[in-house]
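I opened the model to look up a few places, one after another. These are my notes, in the order I made them.

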Amino acid sequence: MIVGIDLGTTNSLIGVYDGGFVTLIADQGGRRLTPSVVHYPEEGEPLVGRAAERMRVLRPERTVFSVKRYMGRRIGEESPDMPYGLAGERGAPVQIDLGDRTVSPEEVSAEILRKLKADAERALGCAVDKAVVTVPAYFNDAQRTATKRAGELAGLEVVRIVNEPTAAALAYGLERMSENTRIAVYDFGGGTFDVSILELTGGVFQVLSTNGNTRLGGDNIDASLVRHLEEECGFVVTDPAARARLLEAAIEAKHRLSDAEETVVNLPFLESVSSSEFVLTRAMLEQIALPWVEKTRAHCLRALADANMEPSALDELILVGGSTRMPLVRRVAGEVFGRIPNCTRNPDEAVAEGAALQAAILEGTLTQVVLLDITPLSLGIETFGGLMNIILPRNSTIPCKAGEMFTNALPGQRAMLIRVLQGERELANDNWELGRFEIPFQPLPKGQARVGVQFEIDANGILSVLARDTATGLEQVVSMTSAVEVSDEAVEKMLGDALENAFEDMNARVFTEARLKAEEMLPSVAKALAMAGDRLSDQERARIMGCEAEVRDKLAGGAAQPLKKAVAALDEATQGLAALVMEMAMNPPPKGE
């Protein structure tokens, strides 16, 4: 049996598809939601879930929560304020500092997965060793690989990683398999935000576009609310235990204001100061939360644009994630997509339900559904001249595979550097490098070596790159297990820059391509003119030399289109010369002449 797991920032769930419907498995206390919290005592086994959550106030420095934000991340990136520390040198993978030891985010997540696995085995009465695990759509390769590693540490074979919005759409849309439906999934959870546009046609769920930010969620609202409460108190809370109590009070108030217009926040004896009590209204909370919620708007509009779709073309807007219980979030999502959201399912449980359905599809229990996901950014390699050559375009349906043939740019070249890039810009250095490796080959004249490069993204969204020398069959396969470490704000900036600089980028590409062609043609033309000698008329020679001078002038000018036009003119002017040189080569004069 394959189970489905929603490994969430705030809460995690496990479910199974059996008897025609999904069952989300409860713990021994009868609760389906397991807090994604792990407490590490000085001695003994870690506490997981509700038992650990109770320790957040007592021992915050040894209680890890929201660890999903650190999966596949490195030290030095912006992170939310946490009572526990981080360890490691800048640029090294994140480690959680517990004082007497460190643990990795994968190890923390593995503890949560072990707890879910044990709950499932107790409820099902059999061993559970295979799982489908969900991740935010905008998790990069390193984050996906870290999630898979956490599963392995927990004794689970992660047979598929599924994007959270896709899983949610599957949960909502199963009963509508016979219809043609276009769905927007707005997934605002504790630590991440995703939006996806999907189309359901005859049981095939196809993702048309996806966008999001793996550092935008309810945690940001909580942190802003804590700062507001500190202002009300008149001082900054520095004691870890007191700060944990303040955060807990803020979260509870936020939850109450989803239903009430106002609530009382009690802050007992923070920093040895007498107890404080404040009235917090929904309007005040919404003013605090609005900047974070508004950040989701741009992601939604970009997802619609990528799907080439107007909001009016959608049939359904689905809200997923605990933060969508806030009336403000529902209003903003409704404004962006121009429709009333579908809130018929528990927003905390939809992703887990979809994961269980995907598990059933892989088992063969559920055969009427096919799930097709996409890759969110283009992938390619750097080619001669510093250009980005896209091999897998953005929004390619995964799993997918594509390749191209490349050749040596210089005579006598002994190896080709394969620099794997991710991004949307025309020049290689404006994109992000995922990795690099060399493929050696025999030194040959320019253009004689042949190297095939193939990109493959598996069903989990993890990239492998193959390079093969066609002459010798020598090949290298590299899995991009350490993908580019960039924030989602940087991803958004890249997409915005690609759009804003599209004209300049294309001009740069055109100029570079024309420059490379000119630098190749000019020596060849000079050599051909010398070979032709007096067999070429003075008029034709003068025409070619005039075009040649024009190319040199435009090269110095640096403008793309004039250079491209000059290169084309030289190419046309040398057609007769090329034919003459070819004829001379095929019919050399007799020896002695």
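**Entry 1: a charge and a ring.** I started with Arg 56, which lies over the face of Phe 65, at 3.8 Å from the ring centre. I count a charge as sitting over a ring if NZ of Lys or CZ of Arg is within 6 Å of the ring centre and within 35 degrees of the ring normal. I also found the charged end of Arg 345 over the ring of Tyr 172, 5.6 Å from its centre.

I noted the ground rules here. The model is predicted, so local features need pLDDT of at least 70 and side-chain atom pairs count only at pLDDT 80 or more, while totals for chains, interfaces and linings use all residues. Residues are numbered from 1 along each chain as its sequence is written, and side-chain values use heavy atoms, with hydrogens and water left out.

**Entry 2: ring pairs.** I looked up the aromatic pairs and found 5 in the structure. Phe 65 and Tyr 84 have ring centres 5.8 Å apart and planes at 85 degrees, so this pair is edge-to-face. The rule is that rings of Phe, Tyr and Trp (its six-membered ring) pair if their centres lie within 6.5 Å; planes under 30 degrees apart count as stacked, over 60 as edge-to-face and the rest as tilted.

Phe 65 lies in strand E7 and Tyr 84 in the loop between E7 and E8, so the pair ties together parts that are 19 residues apart in sequence. Helices (H or I, at least four residues) and strands (E, at least two) are DSSP runs, numbered from the N terminus.

Are these two residues buried or exposed? Phe 65 is buried, with a relative accessible area of 7%, and Tyr 84 is buried at 4%. Buried means under 20% relative accessible area, exposed over 50% and partly exposed in between (1.4 Å probe, protein chains only). The rings of Tyr 186 and Phe 188 have centres 6.5 Å apart and planes at 85 degrees, so that pair is edge-to-face. Both Tyr 186 and Phe 188 are buried. I also noted that ring pairs link Phe 65, Tyr 70 and Tyr 84 into a cluster.

**Entry 3: positive phi.** Ser 66 is not a glycine, yet its phi is positive, about 50 degrees. It is in the loop between E7 and E8, and it counts as buried at 3% relative accessibility. Asn 308 is not a glycine either, and its phi is positive at about 55 degrees. I found Asn 308 in the loop between H8 and strand E18 (316–320). At 73% relative accessibility, Asn 308 counts as exposed.

**Entry 4: Asp 219.** Which residues does Asp 219 touch, not counting those up to four places away in sequence? I listed Thr 9, Ser 66, Arg 69, Gly 190 and Gly 191, where contact means heavy atoms within 4.5 Å. The side chain of Asp 219 makes a polar contact of 3.2 Å with the side chain of Arg 69. A polar contact is a pair of N or O atoms within 3.5 Å; within protein, one must be able to donate a hydrogen and the other to accept it, and residues adjacent in sequence count only if both atoms are side-chain atoms. Asp 219 is found in helix H6 (residues 218–233) and is buried at 14% relative accessibility.

**Entry 5: helix H7.** I checked the length of helix H7 (residues 240–256): its 17 residues should span 24 Å at 1.5 Å a residue, and its end C-alpha atoms are 24 Å apart, which agrees. The expected span is 1.5 Å times one less than the number of residues. The buried residues of H7 include Ala 242, Leu 246 and Lys 254. Among the elements that cover them are H6, strand E16 (262–267) and helix H8 (282–306).

**Entry 6: strands.** Strand E27 (residues 463–469) has 5 of its 7 residues buried. Strand E26 (residues 451–457) and E27 run antiparallel, joined by 7 bridges; two strands pair if DSSP finds at least two bridges between them. Strand E28 (residues 475–479) is joined to E27 by 5 bridges, and these two also run antiparallel. Leu 466 in E27 is the bridge partner of Gln 454, and Val 477 in E28 is the bridge partner of Leu 466. E27 and E28 form a hairpin with 5 residues between them, and Gly 473 in the turn has a positive phi of about 80 degrees.
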